[in-house]
Amino acid sequence: MNSYINYIIEANLGLILFMVMYVLLLQKETDFKFLRIFLVGGILASIILPLFRISSFSLYSQGLQIIPSYMLPEVQVGNNPEALIANPLEYIKDWWFYILLLYCAGAIFFLVRFCIQVCKLIHLIVKAEYAIIGKYRIIESANLEYSFSFFNFIFIGQSDILSKDEKEKITQHETVHARELHSLDIILLNIVSILFWFNPVVKIYKKTLIQLHEFEADARAVDNHEVNGYCSLLAKVALHSAEVALANHFNQSLTLKRIIMLRKIKAKIQPWKMVICTCFITGFFYFVVSHDQVMAQQQQEKKIEASETNEVFYDVEVMPAYQGGLENLYAYLGKNIKYPKEARKANIQGKVVTEFIVEKDGTVSGLKVVEGIGKGCDEEAIRALKEMPKWAPGQKDGKAVRTRVVLPVSFKM
């Protein structure tokens, strides 16, 4: 499970980095095709490249303990000094399980919504009558309050109030969407929205790419001497919001921006910005791919030296185990942990989070309180743990290794 969580973290970091680069250097540029390639390339690099790291690289290898140590189920000390209650969800190792559960629920919700949108669009296409112009299917409708395209299907809405010339301009605009395969971008964005629904940066990608689609289609659909008429058409038809989320729309709420862009002088991106973008992309690829190979080699060396090193591991194939299992551990702690009198008098309750290392020979060392409540509770938890018998050590690649363990002890009156 840790590998998948690492993948989600790394992919979203990539998305954020590419968007930061876009905002800092490129958002005011007018080379719309390059901007689109940069953003789409950034999305693909962010979601594909970390896949090569799942089996051989994790954030542990960078010294970042994002995934916590092996956490035992919480135990509870109550009014009966010898009563010790294990968390009923004792087989759930850590709180990352709940995060993953929440993530899956969100992904399923957005997947269902995406499927509904696809069905809605297919229904529109199937029931429509269309005229064939080249490889495009042109569908005119007075009932649709918006014009849009999806691949080679072009819908012209409000057709009863549009002149023939206006319909031709809309068709030219939508054929640019179809020819440049903007619908593929929309589908990619929806897939990313399902995978990373929790990341607000994905919404920024979606808004930005839709704007770039419209700017590019506008620029290619109109000649300089047609700008005024084309702007008037935008103002005429952009009265309603788009309702088909998977389509490219002629009338968007960004009408004013489109009109401004149509009148703005187009210019190539300055060379120094191109150099910086190229260096950034190259560096990103190097870090994810080339650096991955170096870390994989280092991990292989660690496997060979695992039995000879004093390194403390957080994630191993075989977790350390108390002799006789958790029941015996709780029985031992139940007999040894006493609710401190000072804490009882002060009505102190709460959780003492302890941490220790199970050594290669099964002994316990490095005992400390990560989060305490005082009044003798911290010291009592440590005292009982110090007197524990040996554990079965954790194992990595078939060899005993030092493993860090976290044990929460809850004191409740």
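**Salt bridges and a surface patch**

Let's begin with glutamate 387, which is partly exposed, at a relative accessible area of 46%. Here buried means under 20% relative accessible area, exposed means over 50%, and partly exposed lies in between (1.4 Å probe, protein chains only). This is a predicted model, in which local features need pLDDT of at least 70 and side-chain atom pairs count only at pLDDT 80 or more, while totals for chains, interfaces and linings use all residues. Residues are numbered from 1 along each chain as its sequence is written, and side-chain values use heavy atoms, with hydrogens and water left out.

Glutamate 387 has a salt bridge to arginine 383, with N and O 3.4 Å apart. The term stands for a side-chain nitrogen of Lys or Arg within 4 Å of a carboxyl oxygen of Asp or Glu. Arginine 383 is itself partly exposed, with a relative accessible area of 31%. Arginine 383 also forms a salt bridge with glutamate 380, where the closest N and O atoms are 2.7 Å apart. Both glutamate 380 and arginine 383 belong to helix H12 (residues 377-386), and three residues, about one turn of the helix, separate them. Helices are DSSP runs (H or I, at least four residues), numbered from the N terminus. Glutamate 380 is buried, at a relative accessible area of 12%.

What does asparagine 336 touch, leaving aside its neighbours within four places in sequence? Its contacts (heavy atoms within 4.5 Å) are Glu380, Arg383, Ala384 and Glu387. Asparagine 336 sits in helix H10 (residues 326-336). A polar atom of the asparagine 336 side chain also lies 2.7 Å from the backbone oxygen of tyrosine 332.

Aspartate 185 and arginine 36 are both buried.

Finally, turn to the surface, where Leu13, Ile16, Val20 and Leu24 form a nonpolar patch with about 370 Å² of accessible area together. Such a patch takes residues with over 30% relative accessible area and no salt bridge, joining nonpolar side chains (Val, Leu, Ile, Met, Phe, Trp, Tyr) within 5 Å and like charges within 9 Å. Accessible areas come from the Shrake-Rupley method with a 1.4 Å probe, and for residues only the protein chains shown count as cover. Valine 20 lies in helix H1 (residues 2-26) and is partly exposed, with a relative accessible area of 41%.

Definitions and conventions: Helices (H or I, at least four residues) and strands (E, at least two) are DSSP runs, numbered from the N terminus. A polar contact is a pair of N or O atoms within 3.5 Å; within protein, one must be able to donate a hydrogen and the other to accept it, and residues adjacent in sequence count only if both atoms are side-chain atoms.
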